[in-house]
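Subject: The structure you asked for

Hi,

Here is the structure, with my notes below it. Have a look at it first, then read on.

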Amino acid sequence: MADNSFSDGVPSDSVEAAKNASNTEKLTDQVMQNPRVLAALQERLDNVPHTPSSYIETLPKAVKRRINALKQLQVRCAHIEAKFYEEVHDLERKYAALYQPLFDKRREFISGDVEPTDAESEWHSESEEEERLAGDVKNKVVITEKEAATAEEPNPKGIPEFWFTIFRNVDMLSELVQEYDEPILKHLQDIKVKFSDPGQPMSFVLEFHFEPNDYFTNSVLTKTYKMKSEPDKADPFSFEGPEIVDCDGCTIDWKKGKNVTVKTIKKKQKHKGRGTVRTITKQVPNESFFNFFNPLKASGDGESLDEDSEFTLASDFEIGHFFRERIVPRAVLYFTGEAIEDDDNELEGDEEGEDEEDADINPKVGNFGATQTSSLCCS
């Protein structure tokens, strides 16, 4: 009996499939030429939400292929941008050395080790009205001095409580300071920023210099912030500049009974067998600014932190960045409050801009690329 499964050496099912495909194409062409069908399809397309992703999905494969090529170019741009920020860090290191003699002189004026000359202490007001009022006050002072020649104005050494006043003026810092921290912070003499050496991983160190005090033996407390400036392999398009990725504190050598980061509590404990009750004492963590030097560690084992820990770590990074970019370079203006007014004005402008945005923006924690470059010009 003859086998009918093949026709001229070609399987019959393949021939049938080819015929069906041809018929389908003809039917599709006929349908797509029908004005009613086209109108219905257009109506459905018009009703589909026009989001960028939905639009991309409608593009032909050839166009999507070209978009993928653009994404490859974008990744290469991100790596070039990372190199740019590495060079910015080198520039910061270079100019930090130029700033340092001025910061050293600032410390001498604050501590009272050096008295500024008349030329160094001369400051002209930009407001003529203020100058006029100052002249009137000066005349009154002269009269008052003549009337009370024996009265002597106090002349304390340097600028008392300079850094402590900055802590008190800046909300971000004052929120961390407890009442029992204040006497310690009054011994703070200087805050310095040190950048990582050439060839070393990107980082910076905050140095808090203290005069001898009754609380701890350290003369300097340090906080090191580790940074990276490279696109994430899993999400390269999220790169917006260097980001702080971890930080290390230091050990504070507290004098006996002076550690404000812990408190002693008494607790009654009942013996399970005998039923007797005894009072025990133990130390528990206590809120204090000096916990700043014992920071939470970023997870390095791939495990994610809980929400509270992430918030704590992000706040720590923000404070460290604020010391580096604002407080240290512009200390006198935070002491007088002028920089705080400027910050408030900037914040109001940012909030107005955010109100105009429709998108829900979730900034990457620890990323400070934009402000880092601007600080070179504005600090």
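Predicted model: local features only at pLDDT ≥ 70, side-chain atom pairs only at ≥ 80, totals over all residues.

Residues are numbered from 1 along each chain as its sequence is written, and side-chain values use heavy atoms, with hydrogens and water left out.

**The overall picture**

The protein has 13 helices and 8 strands (DSSP runs numbered from the N terminus: helices are H or I with at least four residues, strands are E with at least two). Of its 379 residues, 26% count as buried. Buried means under 20% relative accessible area, exposed means over 50%, and partly exposed is in between, with a 1.4 Å probe and protein chains only. The accessible surface comes to about 27300 Å², and carbon and sulfur atoms hold 52% of that (Shrake-Rupley method, 1.4 Å probe; for residues, only the protein chains shown count as cover). If you take the contacts (heavy atoms within 4.5 Å) between residues at least 6 apart in sequence, 62% join residues at least 24 apart.

Leaving out residues up to four places away in sequence, Gly 320 touches Phe 204, Leu 206 and Tyr 225. Leu 206 is 114 residues away along the chain, yet the two C-alpha atoms are separated by 7.8 Å.

H10 covers residues 307-327 and also holds Glu 310. Glu 310 counts as partly exposed because its relative accessibility is 45%. Together with Asp 306, Glu 307 and Asp 308, Glu 310 gathers in a patch of negative charge on the surface. For patches, residues need over 30% relative accessible area and no salt bridge; like charges are joined within 9 Å, and nonpolar side chains (Val, Leu, Ile, Met, Phe, Trp, Tyr) within 5 Å. On the charges themselves, Lys and Arg count as positive and Asp and Glu as negative, with His and the chain ends not counted; the place of a charge is NZ of Lys, CZ of Arg, CG of Asp or CD of Glu.

Ser 288 is in the loop between strand E8 (277-285) and H10. Is Ser 288 buried or exposed? Its relative accessible area is 9%, so Ser 288 is buried. Its contacts, not counting residues up to four places away in sequence, are Leu 176, Gln 178, Tyr 180, Asp 181, Val 260 and Thr 261.

**Salt bridges**

How many salt bridges does a search of the whole structure find? It finds 12, a salt bridge being a side-chain nitrogen of Lys or Arg within 4 Å of a carboxyl oxygen of Asp or Glu.

Lys 226, Asp 246, Asp 248 and Lys 297 are linked in a network of them. Within it, the side chains of Lys 226 and Asp 248 meet at 3.0 Å, N to O. That pair links distant parts of the chain, with Lys 226 in strand E5 (residues 220-228) and Asp 248 in strand E6 (residues 243-248), 22 residues apart. Asp 248 also pairs with Lys 297, at 2.5 Å, N to O. Lys 297 lies in the loop between E8 and H10 and Asp 248 in E6, so this bridge ties together parts 49 residues apart in sequence. Asp 248 is partly exposed at 26%, and Lys 297 is partly exposed at 39%.

Elsewhere, Lys 105 and Glu 120 meet in a salt bridge of 3.3 Å, N to O. Lys 105 is in helix H4 and Glu 120 in helix H5 (residues 118-121), so the pair ties together parts 15 residues apart in sequence.

**Two other helices**

H4 (residues 61-111) also contains Leu 98, which is exposed because its relative accessibility is 52%. Leu 98 makes a nonpolar surface patch of about 360 Å² with Leu 91, Tyr 95 and Tyr 99.

Helix H7 (residues 162-169) is mostly covered, with 6 of its 8 residues buried. Those are Phe 162, Trp 163, Phe 164, Thr 165, Ile 166 and Phe 167. Glu 161 lies in the loop between helix H6 (128-147) and H7. Though not a glycine, Glu 161 has a positive phi of about 55°. Most residues other than glycine have a negative phi.

Cheers
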